[in-house]
Amino acid sequence: MNQDEIFLREAIQLAREGMNSNQGGPFGCVIVRDGKVIGKGCNRVTSTNDPTAHAEVVAIRDACQNLGTFQLDGCTLYASCEPCPMCLGAIYWARPSRIVYAAAHDDAAKAGFDDSFIYQELEKKHEERHIPMHQLLRDEAGQVFREWVALEKRIPY
Ligand SMILES: [Zn+2]
């Protein structure tokens, strides 16, 4: 059996265990480097009152804590389901090398987890979105960026 299938089955099993132990929705994630699991997690939205506690985010936090880093270079992320836009963003910030997933987002939608509206929102103008966005104080906030660029002790990422 190939390695991708082994780790992906582990992510699927985490999804099942998390669901059955009432941690949250049926989603699991495993992060692997050099053939070893270095982080894992299941969805914990309802048990921790954290709408961002998706399996991928939980696993990224676990992996980064374990490795003592904020980047996951050379890692493969295994997700029981295709990542939602939030998780995809988190994955891009964490910068693993690969993503392997099992269920498609259509499968999740059929079970009541529909993230397609977020993709649709991204294509709309700010003021036409379901949650309207308003911009104020651009110059005042921009000053902080100028301070960041000038900061000698900054850690770029
Ligand atoms: Zn997600």
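C84 is buried, because its relative accessibility is 11% and buried means under 20% relative accessible area, exposed over 50% and partly exposed in between (1.4 Å probe, protein chains only). The structure is a predicted model, in which local features need pLDDT of at least 70 and side-chain atom pairs count only at pLDDT 80 or more, while totals for chains, interfaces and linings use all residues. Residues are numbered from 1 along each chain as its sequence is written, and side-chain values use heavy atoms, with hydrogens and water left out.

C84 takes part in a zinc site. The zinc ion is coordinated by ND1 of H54 and by the SG atoms of C84 and C87, at 2.0 to 2.3 Å. Along the chain these donors follow the spacing H-x29-C-x2-C. Donors are N, O and S atoms within 2.8 Å of the metal (3.2 Å for Na, K and Ca); water is not among the atoms, so sites may look incomplete. H54 counts as partly exposed, because its relative accessible area is 22%.

Helices (H or I, at least four residues) and strands (E, at least two) are DSSP runs, numbered from the N terminus. After α4 comes R95, which has a positive phi near 60°.

Q71 lies in the loop between α3 and β3. With a relative accessible area of 15%, Q71 is buried. Leaving out residues up to four places away in sequence, Q71 touches W93, A94 and R95, where contact means heavy atoms within 4.5 Å. A polar atom of the Q71 side chain lies 3.1 Å from the backbone oxygen of W93.

For the chain as a whole, there are 7 helices and 4 strands, arranged along the sequence in the pattern α-β-β-α-α-β-α-β-α-α-α. The C-alpha trace spans about 55 × 40 × 25 Å along its principal axes. Of the 157 residues, 32% are buried. Among contacts between residues at least 6 apart in sequence, 48% join residues at least 24 apart. The chain exposes about 10600 Å², of which carbon and sulfur atoms supply 54%; accessible areas come from the Shrake-Rupley method with a 1.4 Å probe, and for residues only the protein chains shown count as cover.

A search of the whole structure finds 3 salt bridges, a salt bridge being a side-chain nitrogen of Lys or Arg within 4 Å of a carboxyl oxygen of Asp or Glu. One of them joins the side chains of R98 and D4 (2.8 Å, N to O). R98 lies in strand β4 and D4 in helix α1, so this pair ties together parts that are 94 residues apart in sequence. Helix α1 comprises residues 3–20. R98 is partly exposed at 39% relative accessibility, and D4 is partly exposed at 22%. Apart from its neighbours within four places in sequence, D4 is in contact with Y78, R98 and V100. D4 and A79, 75 residues apart in sequence, are 11 Å apart in space, C-alpha to C-alpha.

R61 forms a salt bridge with D50, the closest N and O atoms being 4.0 Å apart. This pair links R61 in helix α3 to D50 in the loop between α2 and α3, 11 residues apart. R61 is partly exposed at 49% relative accessibility, and D50 is partly exposed with a relative accessible area of 21%. A further salt bridge joins the side chains of K124 and E121 (2.9 Å, N to O). K124 counts as partly exposed at 36% relative accessibility, whereas E121 counts as buried at 14%.

On the surface, F70, W93, W148, V149, L151, I155 and Y157 form a nonpolar patch with about 850 Å² of accessible area together. Patches are made of residues with over 30% relative accessible area and no salt bridge; like charges are joined within 9 Å, and nonpolar side chains (Val, Leu, Ile, Met, Phe, Trp, Tyr) within 5 Å. V149 is found in helix α7 (residues 138–150) and counts as exposed, because its relative accessibility is 55%.

Definitions and conventions
Polar contact = N/O pair within 3.5 Å; in protein donor to acceptor, adjacent residues only side chain to side chain.
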